[in-house]
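Welcome! Take a look at the sequence and the model first, and then we will go through it topic by topic.

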Amino acid sequence: MTERASGTERPLRLGTRRSKLAMAQSGHVAEAVRRLTGRSVELVEITTYGDTSREHLAQIGGTGVFVTALRDALLAGEVDFAVHSLKDLPTTQPDDLVLAAIPRREDPRDALVARDGLTLDRLPRGARVGTGSPRRMAQLNAYARSHGLQIETVPIRGNVDTRIGFVRDGELDAVVLAAAGLNRIGRIGEATGFLPVDAVLPAPGQGALAVECPAADAALAATLAELDDPYTRAAVTAERSLLAALEAGCSAPVGALADHLPAGERAVHEMRLRGVVGTTDGSTLVQLSITGPVPSSHDEAVALGRELASEMLAKGAAGLMGERAL
């Protein structure tokens, strides 16, 4: 049972991955929970399989590799709640855990960090661009094909320092990282450009955090729910529903973004969901969008994602889902 501050309560234990980015993300949530409850919050660092494996995410399955150890700690009572990058979460939610809050989303775009301040359109012929994501590879290669660019996408792993280091050391001409992550660790100034979502759709849920706790702790779940942003939850639920309906995991070449329409009186009442699936060489993309009323319930958000997935499958998306190899 979680109560408001009395001065004698033990600190709430927040489970987090050990990376600098994860610690920064969890620190932001911890501060918000401190303000909300008046209780101290301590970070409990947990190492996940995704942190220790040196294999590429597509090879180790991607789905859940950064999450399972945190969830095990929650269920064992070793931590009270956990913070995840939402894009790392499997689309199936366990019955004994609840996504108590999805706070307001950060910038969902991908960012380019390139040598000499280069932007995507100014990369030299044959430029080597590093990314660990088949989704980014597929769309970057498709963009290059359609704009007369010649780039080589190179699979990489590692934390932000490691990835940017590939550029600083001259091993790569550029790397692609999530803008949200760079923002959260105070390094967005190192980005030399942002990839427009019209060219490269982000991963489903990119830029959003998930605050998870045991379903049995109703009081804590209710408290954490005060951090929830309903619009962000509706958007990422639609995106993740698309991913689930395509029967794809977080390492698959799938991009999705739900947002308000950019203009017009009706914009605040409508949500546009865009999705893309592609082969990693960029030779084939299935890219579609759908627009509907802003979902007012979980089921409506799920339905929006499923509807777009159905249209994408009808256009051949299923035949592209096997393109996982890096």
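How many helices and strands are there in the protein chain? The chain holds ten helices and 13 strands. Please keep in mind that this is a predicted model.

**The chain as a whole**

- The protein chain has 326 residues, and 55% of them count as buried.
- Take the contacts between residues at least 6 apart in sequence: 72% of them join residues at least 24 apart.

- Helix H9 covers residues 230–245.
- From its first C-alpha to its last, H9 reaches 22 Å over 16 residues, close to the 22 Å expected at 1.5 Å a residue.
- Which residues of H9 are buried? They are Thr 232, the run from Ala 234 and Ala 235 through Val 236, Thr 237, Ala 238, Glu 239 and Arg 240, and then Ser 241, Leu 242 and Leu 243.
- The cover over these buried residues includes strand E11 (254–260), strand E12 (270–278) and H10.
- Just after H9 comes Glu 247, with a positive phi of about 55°.

**The second largest pocket**

- This pocket holds about 360 Å³ of space.
- It is lined by 15 residues, and those closest to its centre are Thr 91, Thr 237, Arg 240, His 298 and Val 302.
- Which helix gives the most to the lining? H9 does, with seven residues.
- Helix H10 (298–314) also supplies at least two lining residues.
- By type, the lining is made up of seven nonpolar, five polar and three charged residues.

**The nonpolar cores**

- In soluble globular proteins, nonpolar side chains tend to be buried together.
- The largest nonpolar core here has 21 residues, and the members that touch the most others are Leu 242, Leu 246, Leu 273, Val 277 and Met 312.
- Two or more residues of this core come from each of H9, E11, E12, strand E13 (285–293) and H10.
- H9 provides the largest share of this core, five residues.
- Another core, of 19 residues, lies apart from the largest one, and its members include Leu 14, Ala 30, Ala 101 and Val 211.

- Beyond its neighbours within four places in sequence, Leu 273 is in contact with residues including Ala 238, Glu 239, Leu 257, Ala 258, Leu 288, Ile 290, Leu 304 and Leu 308.
- Ile 290 sits in strand E13.
- Is Ile 290 buried or exposed? Ile 290 is buried, because its relative accessible area is 8%, and the cut-off for buried is under 20%.
- Setting aside residues up to four places away in sequence, Ile 290 touches Met 271, Arg 272, Leu 273, Leu 304, Glu 307, Leu 308 and Glu 311.
- Ile 290 and Ala 258 are 32 residues apart in sequence, and their C-alpha atoms are 9.4 Å apart in space.

**Helix H5 and two of its residues**

- Helix H5 spans residues 134–146.
- Its 13 residues reach 18 Å from first C-alpha to last, close to the 18 Å expected at 1.5 Å a residue.
- Why is H5 largely enclosed by the rest of the structure? Eleven of its 13 residues are buried, so the helix is largely enclosed.
- Among those buried residues of H5 are Pro 134, Met 137, Leu 140, Asn 141 and Tyr 143.
- Asn 141 has a relative accessible area of 11% and is buried.
- Not counting residues up to four places away in sequence, Asn 141 touches Ile 151, Thr 153, Thr 280, Asp 281 and Gly 282.
- Arg 145, also in H5, counts as exposed at 52% relative accessibility.
- With residues up to four places away left out, Arg 145 touches Asp 281, Gly 282 and Ser 283.
- Arg 145 and Gly 282 lie 137 residues apart along the chain, yet their C-alpha atoms are separated by 7.6 Å.

**A loop residue with a positive phi**

- Most residues other than glycine have a negative phi.
- Asp 116 has a positive phi, near 60°.
- Where is Asp 116 found? Asp 116 is in the loop between strand E5 (110–114) and strand E6 (127–131).
- At 63% relative accessibility, Asp 116 counts as exposed.

Key. Residues numbered from 1 in each chain as written. Predicted model: local features only at pLDDT ≥ 70, side-chain atom pairs only at ≥ 80, totals over all residues. Heavy atoms only, no water. 1 Å grid on protein atoms, 1.4 Å probe; cavity = no way out; pocket = protein on both sides within 12 Å on 5 of 7 lines; lining within 4 Å. Points joined across faces, edges and corners; volume = space filled by probe spheres on them. Helix = DSSP H or I, 4+ residues; strand = E, 2+ residues; numbered from the N terminus. Nonpolar A, V, L, I, M, F, W, Y, C, P; charged D, E, K, R; others polar. Expected span 1.5 Å × (residues − 1). Buried < 20%, exposed > 50% of the residue type's maximum accessible area, 1.4 Å probe, protein only. Contact = heavy atoms within 4.5 Å. Core = buried A, V, L, I, M, F, W, Y, C linked by side-chain atoms within 4.5 Å.
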